[in-house]
Amino acid sequence: MFKRVFVEKRVLDSDQYHHILKHIKKDKVEVIDKISDIWGRVKKPYLQKRGNLNLFIGKKDGTLIKEAPDAYGLGDEKHFYYVHAYNCIYECQYCYLQGYFNSPDIVLYINHDDILKKMTQTANEHPDCWFHAGEFSDSLALSHYTGELETYFEFFKNNPKTKLELRTKSVNTKELEKLTPLENVYLSFSLSSHKGGKLFDNKCPSIKARIKTIKKMFDLGYNIGIHFDPVVYDKDFKEDYQEVFDDLAKAIPLDKISYISLGVVRYTKDVYREVQNNYPKSEISTGPYIKSFDNKVRYNKPMRNWILNTLKQMLITSGSRPSVIYLCME
Amino acid sequence: MNLLHFAHAGEAQSFISHFDLTAVSEDNIYLGENMIVQICGEGLFDSMYKLGHTIAKYKINKIINIGIAGSLVDELKVDDIIEVRTSYAFGEISPKFNSYTTQDIDSKFDCISCELRAIDPKYAKLITPFAHIVDRELWAVGKVSKYFKIPLHSIKLISDNAHDEVNCLEIKDKAQDYSLQLLEYYLNKNYDHEVQSESDMIYPFVMTHYLKKKYEKTIKKLLKKSFSNIQEILEQINLEEITDLKLREKEKSLLLIEKLEELLNPIDKTIKKKIDILFKPLLDAKVDIGLDPKLEVQKFKLSKEINSQKNIDDLADALKNFDFKKVEDFWKGDLDV
């Protein structure tokens with residue numbers, strides 16, 4: 001998977017590094033002083049993740065926990081995300097990471113103890129807050145490399161009011177299957193229509209495979225959340241999404257889903273430019289986009305509301321609880 | 001014509017004699033029928049300003065940088081010839097942010113162009129994380145080619161390993177050999193074929209520049225969808241019907257573009273129809289409606305010419321019959337028509 005592996009010398013003796021080392025060839029490892037000396041110092045083309053993806057392993061300095069924007073999650077509790085990794089092995093065409101970082105190379109930060117210290121401080125101030133993993137990466141895709149989930153589960157076991165959300169498109173649940181599900185831990189899967197998944201979710205597990213994994217994890221006792229985000233409009237979107245709702249309902253009862261978010265595709269102008277450059281032949285950039293109230297590129301307001309309300313109603317008709325459906329970033 | 005860029009005369013010599021090029025100036029430019037060879041010298045800045053000058057003077061379709069480079073990785077050995085994917089640059093102590101990618105995006109190798117000669121293994125260690133080979137010009141050539149929007153290729157022959165002590169004189173002595181090897185590679189690549197143009201655009205009507213751009217943009221988007229060619233698109237919208245209308249070319253063009261945009265995004269037609277229905281009472285009373293064209297701002301302006309009491313009465317009637325709640329519902333997503 002990785003062409004080159006760079007490791008900060010200050011983590012060479014850590015257990016977490018040695019755990020990752022089991023999955024990579026030792027002769028690929030190059031020791032460096034700091035990740036920041038190399039990663040992001042030059043503009044590495046996003047699509048080089050296809051054949052020239054590098055891995056960086058080190059410690060995260062600076063901010064480890066950030067407050068999430070408004071309308072990030074359900075409810076009135078505070079939402080935070082923690083920074084444990086940068087970038088993703090998948091290649092979704094709408095992904096904002098392509099305009100966010102200067103390099104697509106994966107960074108794994110392994111100073112989880114520092115992150116957990118910050119989590120403890122934050123949880124002391126906001127006991128019923130949420131912590132989200134997967135803001136800058138997929139939270140499960142490389143979880144077998146890092147082995148970090150057990151550490152976080154231990155924290156959330158000892159802090160039952162505080163909640164953890166693991167956002168993912170992955171079906172890599174090996175590490176989770178070794179752990180006991182907790183009431184305050186939620187697995188949330190990003191889904192789209194089958195057609196949308198095929199067209200835009202490059203290198204991701206299919207929607208069918210994700211639904212199968214959702215069923216497996218639900219049957220094991222995990223709380224499940226679903227993010228239908230981003231919704232990319234197509235003239236057949238109602239039929240396409242009804243099909244996915246039906247497939248999901250066959251896998252798990254929709255009224256047992258802890259929360260469902262709906263979000264329409266949106267880009268910052270930097271990301272939109274990258275999408276057009278990276279995927280010039282994709283129909284993702286053919287939509288009737290405008291520059292909206294927050295300077296993001298998206299569909300106009302009546303159209304967004306129509307799409308979201310339509311899908312919300314369809315979900316309710318299919319058996320979802322209205323109280324758990326929320327609109328993301330609207 | 002193609003512009004072959006070299007740093008050194010030694011590497012260019014075989015090209016000059018093979019293509020029978022003629023020296024045209026003291027700027028180390030050699031001209032052939034469809035080719036220019038320019039020898040810019042070593043370093044970023046010389047390449048930048050000299051290339052810029054040449055591009056301004058001649059019609060250049062393609063730039064091909066050719067030369068030697070040092071290997072930074074074990075997998076590249078002396079005498080290997082590669083094509084470069086992306087070029088980076090390194091100053092005296094730190095990298096430059098911008099990078100430039102060539103047309104050879106499937107190549108596996110990147111190049112870092114350094115301000116200093118990479119003859120010191122310590123310097124080589126500093127630059128190794130960024131690329132696979134090191135030279136002194138390619139990044140500058142990339143910068144120029146991007147600025148002028150000219151496609152770029154780069155062929156490099158590995159002359160040394162940058163992590164070992166480098167003997168520049170030894171490399172210079174082998175210049176003729178390198179030049180022949182590079183020429184052979186170049187000839188096998190066949191860079192001289194004509195640049196393929198994009199599929200021809202069909203313009204059914206005479207269009208202004210603005211309408212042409214709008215038309216082209218919509219057609220290109222439609223080609224990304226399920227249509228395989230422009231003819232298919234024009235048949236879908238019944239072009240013949242528009243052609244038969246007794247309208248001026250400009251009006252036909254506008255109608256054509258409208259139909260293409262409806263085909264691209266049918267939802268826009270639904271929204272437009274909804275707006276017409278919502279504002280019908282006012283439109284019938286000849287009131288102009290000023291809506292945000294992006295439909296993001298939830299407000300609108302009304303204007304009407306008043307020159308009689310009847311105008312005021314008509315306006316009053318129209319406002320009485322106007323249901324603002326339905327407009328609010330429209331903003332909230334009610335698009336039923």
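1. The largest pocket holds about 1,600 Å³ of space. A pocket here is an open set of points on a 1 Å grid over the protein atoms alone, with protein on both sides within 12 Å along at least five of seven lines, and lining residues have an atom within 4 Å of a point. The model is predicted: local features need pLDDT of at least 70, side-chain atom pairs count only at pLDDT 80 or more, and totals for chains, interfaces and linings use all residues. Residues are numbered from 1 along each chain as its sequence is written.

2. Of the 44 lining residues, A:Pro45, A:Asn277, A:Asn278, B:Thr101 and B:Ile105 are the closest to the pocket's centre. By class, the lining has 13 nonpolar, 19 polar and twelve charged residues.

3. Helix H10(A) contributes the most to this lining, with six residues. The elements giving two or more residues include helix H2 (97-100) of chain A and strand E6 (81-90) of chain B. Helices are DSSP runs (H or I) of at least four residues, and strands (E) of at least two.

4. In chain B, helix H2 (residues 44-57) packs on helix H4 (residues 138-148) at an angle of about 30°, with the axes 8 Å apart. H2(B) is therefore roughly parallel to H4(B) (angles under 35 degrees count as roughly parallel).

5. The contact (heavy atoms within 4.5 Å) involves, among others, B:Leu51 and B:Ile55 of H2(B) and B:Trp139 and B:Phe148 of H4(B). Its residues divide into nine nonpolar, two polar and one charged.

Note on methods: Chains are lettered from A and ligands numbered from 1 in the order in which they are written. Side-chain values use heavy atoms; hydrogens and water are left out. Axes are lines fitted to C-alpha atoms, for helices over the stretch in contact, and angles run from 0 to 180 degrees between N-to-C directions. Angles under 35 degrees count as roughly parallel, over 145 as roughly antiparallel, 65 to 115 as roughly perpendicular and the rest as oblique. Ala, Val, Leu, Ile, Met, Phe, Trp, Tyr, Cys and Pro count as nonpolar, Asp, Glu, Lys and Arg as charged, and the others, Gly among them, as polar. On a 1 Å grid over the protein atoms alone, a cavity is a set of points where a 1.4 Å probe fits but cannot get out, and a pocket is an open set with protein on both sides within 12 Å along at least five of seven lines; lining residues have an atom within 4 Å of a point. Grid points are joined across faces, edges and corners, and a volume is the space filled by probe spheres set on the points.
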